[in-house]
Amino acid sequence: MIRNRVTPDRVIRTVLPAEAADVVALHARARATYYPDGLPQDGTDWLAAWQSALARPDGRVLCVVEAGRIVGLASFRTPEGAPADTVKLFQFHVDPEHWRRGAGTALHAACVEEWQADGRRTAVLDVHVDNRRAQGFYRRHGWVPEPAEPGDHHLTMRLSLAAE
């Protein structure tokens with residue numbers, strides 16, 4: 001299991017429960033970029049959702065910290081009913097002020113390293129169909145889209161994890 005990844009400018013580590021409000025704020029800033037009419041108000045209590053993700057014994061939430069501030073996060077676990085060698089990336093966000101600076105790439109590399117160390121063979125994710133920037137990011141990192149049905153709001157993507 002990957003505990004911490006430290007460079008002179010950034011740390012990648014597990015999010016602490018006390019940081020849930022910071023995670024919610026970053027999540028909202030990132031999601032707002034692909035909802036031009038504003039974030040949908042679907043009744044989700046994002047603070048409770050993130051607190052639940054942080055408390056799950058079967059999941060992980062990693063973050064990128066730069067200058068003492070969380071600038072990226074990733075939440076993953078084996079989805080219900082999936083094989084044990086499959087992991088789902090449920091959330092992956094970088095603060096828009098930090099795009100194109102390497103935080104997302106470093107966080108993605110840390111996720112892949114952990115998944116491989118845990119014996120995962122496949123990773124899956126769902127990305128909003130209008131989030132072309134994120135789709136491009138994932139494609140550059142080897143993710144392959146699955147065929148989508150007309151009217152779908154999300155695109156499923158898959159990553160084959162090479163054995164070490």
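The legends below describe close-up views of a predicted model. Residues are numbered from 1 along each chain as its sequence is written, and side-chain values use heavy atoms, with hydrogens and water left out. Local features need pLDDT of at least 70 and side-chain atom pairs count only at pLDDT 80 or more, while totals for chains, interfaces and linings use all residues.

**View 1. Strand 3 and strand 4 form an antiparallel pair.** Helices (H or I, at least four residues) and strands (E, at least two) are DSSP runs, numbered from the N terminus. Two strands pair if DSSP finds at least two bridges between them. Eight bridges connect strand 3 (residues 59–66) with strand 4; V64, for instance, has G72 of strand 4 as its bridge partner. Two residues lie between the strands of this hairpin, and A67 takes a positive phi near 50°. Of the nine residues of strand 4, eight are buried, where buried means under 20% relative accessible area, exposed over 50%, and partly exposed in between (1.4 Å probe, protein chains only).

**View 2. Strand 5 is bridged to strand 4 and to strand 6.** Because eight of the nine residues of strand 5 (residues 86–94) are buried, this strand is largely enclosed by the rest of the structure. Strand 4 (residues 69–77) runs antiparallel to strand 5, and six bridges join them. Strand 6 (residues 122–128) runs parallel to strand 5, with four bridges between them; the partner of V87 in strand 6 is A123. From strand 5 the chain passes through helix 3 (residues 103–117) to strand 6 in a right-handed β-α-β crossover. Right-handed here means that, with the strands pointing away from the viewer, the path from the first strand over the helix to the second runs clockwise.

**View 3. Helix 1 packs with helix 2.** Two packed helices are described by the angle between their axes and the distance between the axes. For helix 1 (residues 20–32) and helix 2 (residues 46–55), the angle is about 120° and the axes are 9 Å apart. Axes are lines fitted to C-alpha atoms, for helices over the stretch in contact, and angles run from 0 to 180 degrees between N-to-C directions. Helix 1 contributes A20, A21, V23, V24, H27 and R31 to the contact, and helix 2 contributes W46, L47, W50, Q51 and L54. Contact means heavy atoms within 4.5 Å. The residues of this contact comprise eight nonpolar, two polar and one charged. Ala, Val, Leu, Ile, Met, Phe, Trp, Tyr, Cys and Pro count as nonpolar, Asp, Glu, Lys and Arg as charged, and the others, Gly among them, as polar.

**View 4. V65 lies in strand 3.** V65 counts as buried because its relative accessibility is 12%. Leaving aside neighbours within four places in sequence, V65 is in contact with D9, R10, V11, R13 and I70. V65 and R13 are 52 residues apart in sequence, with a C-alpha to C-alpha distance of 7.9 Å.

**View 5. T156 lies in strand 8 (residues 154–160).** T156 has 27% relative accessibility, so this residue counts as partly exposed. Residues up to four places away in sequence not counted, T156 touches L125, D126, V144, P145 and E146.
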